Amino acid sequence: MAARGRLSARFHRVHGANVRLDASRTRATRVQSFAHGLCFSQEPLAPGQAFAVEIEEKEPGWCGHLHVGLTARDPQGLAAAVPEYSLPDLVNMGDSWVFAITRNHNRVAAEGTEGPRGSPREPFLVVGQARIPRDALVGRSRPSRYSHILDDLYRANVLPATARRSRIGVLYAPQPDGTADMHILINGEDMGPSARGLPAARPLYAVVDVFASTKSVRVIPVEYGFPSLQTLCRIVIQKHVVHRLAIDGLDLPPPLRSFCQDE
């Protein structure tokens with residue numbers, strides 16, 4: 001899982017016509033228009049492996065937000081003509097399951113189904129057999145003059161799904177009948193199955209459509225097993241300060257200080 005995670009934690013070389021990737025292929029920016037922003041994971045995902053992105057830039061004036069999902073189509077086979085939209089173009093081609101992230105997505109449950117499960121304060125998110133450290137999946141605000149007013153809100157995990165700094169992930173959970181359920185993760189919450197009956201035996205790639213008001217996203221590496229020492233340090237430091245601006249006064253190495261404040 002760890003080795004596959006490192007390979008998949010960047011975007012595929014095949015992408016929409018209006019997308020520009022940085023040198024590491026971990027940041028995707030739509031440089032014009034509102035469409036042709038389709039991106040894929042570099043490698044197919046392993047069962048229970050989350051592919052997560054953080055919304056870095058928004059572009060006002062457009063209606064609609066980020067689209068995420070999975071596809072059983074090899075992105076290399078789409079190189080000659082990447083679809084303009086994930087919805088409906090890619091989905092209409094078959095073997096793809098994509099959903100639009102809405103402003104209240106992480107607070108809405110379909111009638112007769114369970115809503116988000118598990119407390120945001122729990123250290124691990126459990127989806128099927130996958131146990132994922134929640135810390136990397138939760139979006140946080142940048143520190144500012146009024147951060148201390150908002151800290152309790154962000155710790156309670158109410159960052160809007162489509163806001164800057166929000167983190168969106170997707171994974172699939174194999175089922176006993178040989179199929180898989182697709183789960184969308186928003187700021188550390190599992191939205192429950194968004195699609196069922198996916199072909200678990202086929203390679204499944206993550207789909208990220210940098211659509212409309214979402215202008216730029218970056219891939220968030222997701223740790224498995226035990227959290228890193230850096231993550232554990234952040235948890236302890238944030239627990240013992242009044243608010244994140246107080247971290248400026250601590251004698252910390254600059255990279256750790258930034259990590260504690262901004263991530």
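Q: What makes C39 count as buried or exposed here, and what makes C233 count as partly exposed?
A: Buried means under 20% relative accessible area, exposed means over 50%, and partly exposed lies in between, with a 1.4 Å probe and protein chains only. C39 has 1% relative accessibility and therefore counts as buried, whereas C233, at 29%, counts as partly exposed. The model is predicted, with local features needing pLDDT of at least 70, side-chain atom pairs counting only at pLDDT 80 or more, and totals for chains, interfaces and linings using all residues. Residues are numbered from 1 along each chain as its sequence is written, and side-chain values use heavy atoms, leaving out hydrogens and water.

Q: How do you know how many disulfides there are?
A: A disulfide is a pair of cysteine sulfur atoms within 2.5 Å, and by this rule the count comes to zero.

Q: Why are β1 and β2 called paired strands?
A: Strands are DSSP runs of E, at least two residues, numbered from the N terminus, and two of them pair if DSSP finds at least two bridges between them. Three bridges join β1 (residues 19-21) to β2 (residues 27-30), so the pair, which runs antiparallel, meets the rule. V19 has R30 as its bridge partner in β2.

Q: Why do β3 and β6 stand at the edges?
A: The open sheet of four strands has the order β3-β12-β5-β6. β3 (38-40) and β6 (96-100) each have a single partner strand, so one side of each is left without a neighbour in the sheet.
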